[in-house]
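The following exercises are intended for practice in reading a protein model.

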Amino acid sequence: AAAEVAAFEDEFAAAMGVPHACAVASGRDALCLIVAALGIVAGDEIVVPAYTLGELLPLLGGRGIVLVPADVDGDSYNVSVASVRAALSPRTRAVLAVHLLGAPCDVAGLCQLGVPLIEDCAHAPGASVAGRPVGSFGVAALFSLEANKALAAFGGGVLATRDAALAARVRAMLAGRPRGEWPAMKKMLLKWVEEALVRSPMYAPLARLMFGGG
């Protein structure tokens, strides 16, 4: 019900230290909504970690956005301020930083670079830096609620932001979508099929076919 979703969004926003949260279809959906709400278009550049979920990159590259890799630290596998700074150019419109496997990157330092920061918190709900929740530093953050994530709900995601105007643009985009509901059992069965596929020897060639970008 709409009232239950709204209550969840309010509680999620409070827990993550931001004033606005929007329930969305997935973490990937949240990323696409953030990029659209920021007005990032074909030809613009986004700095991304050189090591990240490969499935995210076609979502952005398919829009004509130029993805510029920033090297990752050999210990944390997260980007550093120095590696991101080296990847910036006059065409950079945003930086996508991942808190990989729940370990926060130097998010406070990245915020000092003067470029809108998108936090990928798919692995990191509840993580914090100096007592401040990750997801509350950048212009917006994405969270995943998939079954294999730290905060699981058999699918879905959340977009969190401190920016009221960005939240309003996202809600306007969501309002224009057709709505549909999947019973929980269907979601569970789909997730079990997905997990079985990912763990099978067939996943690697299928992933290359689906996400290789040609």
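**Exercise 1. Describe how helices H2 and H6 pack against each other, and which residues make the contact.**

Step 1. The axes of H2 and H6 are 9 Å apart and meet at an angle of about 115 degrees. Axes are lines fitted to C-alpha atoms, for helices over the stretch in contact, and angles run from 0 to 180 degrees between N-to-C directions.

Step 2. From H2, the contact is made by Leu-33, Ala-36 and Ala-37; from H6, by Leu-166, Arg-169, Val-170, Met-173 and Leu-174. Contact means heavy atoms within 4.5 Å.

Step 3. Sorted by kind, the residues of this contact comprise 7 nonpolar, no polar and 1 charged. Ala, Val, Leu, Ile, Met, Phe, Trp, Tyr, Cys and Pro count as nonpolar, Asp, Glu, Lys and Arg as charged, and the others, Gly among them, as polar.

Some conventions apply throughout. The model is predicted: local features need pLDDT of at least 70, side-chain atom pairs count only at pLDDT 80 or more, and totals for chains, interfaces and linings use all residues. Residues are numbered from 1 along each chain as its sequence is written, and side-chain values use heavy atoms, with hydrogens and water left out.

**Exercise 2. Determine how many residues of helix H2 are buried, and what follows the helix.**

Step 1. Helix H2 spans residues 27-37. Helices (H or I, at least four residues) and strands (E, at least two) are DSSP runs, numbered from the N terminus.

Step 2. Of the 11 residues of H2, 9 are buried, and the helix is mostly covered. Buried means under 20% relative accessible area, exposed over 50%, and partly exposed in between (1.4 Å probe, protein chains only).

Step 3. Among the buried residues of H2 are Leu-33 and Ala-37, which also belong to the contact with H6.

Step 4. After H2 comes Gly-39, which has a positive phi near 75 degrees.

**Exercise 3. Work out the order of the strands in the sheet and where E5 belongs in it.**

Step 1. Two strands pair if DSSP finds at least two bridges between them.

Step 2. Strand E1 (20-24) and strand E3 (66-70) are the edge strands, each pairing on one side only. From one strand to the next, the twist averages 20 degrees.

Step 3. E5 pairs in the parallel sense with strand E4 (residues 92-98) over 4 bridges, and in the parallel sense with E8 over 3 bridges. Ile-118 of E5 stands opposite Leu-96 and also opposite Ala-140 in E8.

Step 4. Leu-117 and Glu-119 point one way from E5, while Ile-118 and Asp-120 point the other way; all are buried.

Step 5. Asp-120 counts as buried because its relative accessibility is 6%. Apart from neighbours within four places in sequence, Asp-120 is in contact with Leu-56, Leu-96, Ala-97, Val-98, His-99 and Leu-142.

**Exercise 4. State how many aromatic pairs the structure has, and describe the pairs of Phe-12 with Phe-143 and of Tyr-51 with Tyr-77.**

Step 1. The whole structure contains 3 aromatic pairs. Rings of Phe, Tyr and Trp (its six-membered ring) pair if their centres lie within 6.5 Å; planes under 30 degrees apart count as stacked, over 60 as edge-to-face and the rest as tilted.

Step 2. Phe-12 and Phe-143 are edge-to-face, with 5.0 Å centre to centre and 80 degrees between the planes. Phe-12 is in helix H1 and Phe-143 in strand E8, 131 residues apart, and the pair links distant parts of the chain.

Step 3. Phe-12 counts as buried at 5% relative accessibility, and so does Phe-143 at 1%. Phe-8, Phe-12 and Phe-143 form one aromatic cluster.

Step 4. Tyr-51 and Tyr-77 form a tilted pair, at 5.6 Å centre to centre and 55 degrees between the planes. Tyr-51 lies in the loop between E2 and helix H3 (56-61) and Tyr-77 in the loop between E3 and helix H4 (81-87), so this pair ties together parts 26 residues apart in sequence.

Step 5. Tyr-51 is partly exposed, at 47% relative accessible area, and Tyr-77 is partly exposed, at 43%.
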